[in-house]
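Subject: Structure for you

Hello,

Here is the structure I promised to pass on. Have a look at it first, and my notes follow below.

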Amino acid sequence: MRMSERHKMLAGEPYHANDPELVAEQGLTAAWLARYNAALGQPVSVWRTLLAERLGALGEGSIVRPPFHCDYGWNIRLGSRVFVNFSCVFLDVAQVGIGDDTRIGPNVQIYTAEHPLDPVLRRSGQESGRPVTIGSNVWIGGGAIILPGVSIGDDAVVGAGSVVTHDVPAGARVAGNPAHPQGG
């Protein structure tokens, strides 16, 4: 039996993002995001109700401040008491998992999507994704970018504006482009 492009995507295999099923899912997400982002002035309870409609998991007390942007939503799993500030972008073609009590500053971008480095494959429209895992009690400063396949351990700190290209161990402090360990 041939795997659908969606199943390939979820398995981390090369897939075509312009597949009709995936395009339809992105359309549903775009409509949901329009409603969610229009709720900026509404109470947090309204935000949580809307988040629960589309996210893969929404832990107790977790919130994402609109505006927010993602590909699908159902590939995002938030633990309890997660706070995601304004204007974050999660490209969730693979799972984005965020542990309890993690704080994410404004304009943070989390990418799971990858495009081939080979120009022939890139022209073919193939892409793939690798999950991003962020532990518990992590602080990610505003404007940071987390690249595909990165894991950030519990209690880590990522400095504002950092580009995280490799795993960050538990308790580490990293900053810069590319992010590297900081003293202290």
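Predicted model: local features only at pLDDT ≥ 70, side-chain atom pairs only at ≥ 80, totals over all residues.

Let me start with the inside. The largest nonpolar core has 37 residues, and those touching the most other members are Phe68, Phe90, Ile98, Ile104, Ile110, Ile140 and Ile152. By nonpolar core I mean a set of buried Ala, Val, Leu, Ile, Met, Phe, Trp, Tyr and Cys residues joined through side-chain atoms within 4.5 Å; buried is under 20% relative accessible area, exposed is over 50%, and partly exposed is in between (1.4 Å probe, protein chains only). Among the elements that give two or more residues to this core are helix 2 (20-38), helix 3 (44-54), strand 7 (88-91) and strand 8 (96-98). Apart from it lies another core of eight residues, including Tyr72, Trp74, Val93 and Ala113.

Residues are numbered from 1 along each chain as its sequence is written, and side-chain values use heavy atoms, with hydrogens and water left out.

As for the whole chain, the protein has four helices and 20 strands, taken as DSSP runs numbered from the N terminus (helices H or I, at least four residues; strands E, at least two). Buried residues make up 42% of its 184 residues. The C-alpha trace spans about 50 × 40 × 25 Å along its principal axes.

The backbone has some details to check. Pro66 and Pro67 are joined by a cis peptide bond with omega about 5°, and Pro67 sits in the loop between strand 3 and strand 4. Another cis bond runs from Asn177 to Pro178, with omega near -5°; Pro178 belongs to the loop between strand 19 (173-175) and strand 20 (180-181).

Two asparagines have positive phi. Asn107, in the loop between strand 9 (103-104) and strand 10 (109-111), has phi near 65° and is partly exposed at 41% relative accessible area. Asn137 has phi of about 55°, lies in the loop between strand 13 and strand 14 (139-140), and is partly exposed at 43%.

Best wishes
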